[in-house]
Amino acid sequence: MPLSWAIQTIADQAVNIDFGEVIDAQVNQRVTSLAAAIRQQNIAGVTGCIPTYRSLTVTYDSVVIRQRELIQALELLLNTDMLHTPPRKCWLIPACYGGDYGIDLASSATCLGLTPAELIEIHSAQPYRIYMIGFMPGFAYLGGLDPRLHLARRTSPRQEVPGGSISIGGVQSAIGSVAAPSGWHLLARTPVKSFDPQREQPFLFNAGEEVRFVPVSEHDYQTLLADRHYQPEWSLLP
């Protein structure tokens, strides 16, 4: 059954397409497919697409396209079979768990009734969907966390955690990008820079892609971190 949607004006030059209150992979796929279709159609006047868990904000230049015209173009995409799953990457993300790199690993394992080794095994055993990029540049919110790892966020957030921190909070996992405050539980750290303003493409990840965590040693982490040209491996999803 097609997902319901509603288009709302949220600013002078922005509209929001909302797909309801449910957060799941099907809804998020609809969001990312619509964003891809808008880019493919190359609608004159559209200046940006900002995907979230369950909605898409479209910004536009009102000198080039009127709001009514934009809404009609969006309705055409939504009402016809023009939304298809775009090619998506699955990133292999090296993760150094525990110690100074994941200071909450042991305490999180205790709270969950697991050993640290069991927590690492569960956390790195499955792919995660990138639902959205937000909070800080390149910060990736990940869906698909195993229910055995669901853990309420910290009651006292830290004022700053290192960039590259891999964490869990509630029913989600996340990959941090830059040093920032956090109330999530820190399990590991990756040498991958999901945001680098010096890179041709500053943002590494896109909403709708997937990541898999690959446990690595501290030595391997430091080696990859020191390699200025290092980029994580990826493959196209079927």
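## Salt bridge between Glu-75 and Arg-68

Glu-75 and Arg-68 form a salt bridge in which the closest N and O atoms are 3.6 Å apart; the term denotes a side-chain nitrogen of Lys or Arg within 4 Å of a carboxyl oxygen of Asp or Glu. Glu-75 is partly exposed at a relative accessible area of 27%, and Arg-68 is partly exposed at 45%. Here buried means under 20% relative accessible area, exposed over 50%, and partly exposed in between (1.4 Å probe, protein chains only).

## Basis of the values

This is a predicted model, in which local features need pLDDT of at least 70 and side-chain atom pairs count only at pLDDT 80 or more, while totals for chains, interfaces and linings use all residues. Residues are numbered from 1 along each chain as its sequence is written, and side-chain values use heavy atoms, with hydrogens and water left out.

Arg-88 and Glu-210 meet through their side chains in a salt bridge (3.8 Å, N to O). Arg-88 lies in the loop between α2 (67–79) and β5 (89–97), and Glu-210 in strand β13 (residues 210–215), so the pair ties together parts 122 residues apart in sequence. Helices (H or I, at least four residues) and strands (E, at least two) are DSSP runs, numbered from the N terminus. Arg-88 is buried at 15% relative accessibility, as is Glu-210 with a relative accessible area of 17%.

A salt bridge also joins the side chains of Asp-104 and Arg-158 (2.8 Å, N to O). Asp-104 is in the loop between β5 and α3 (105–112) and Arg-158 in strand β8 (residues 158–161), 54 residues apart. Asp-104 is buried, with a relative accessible area of 4%.

The structure holds six salt bridges.
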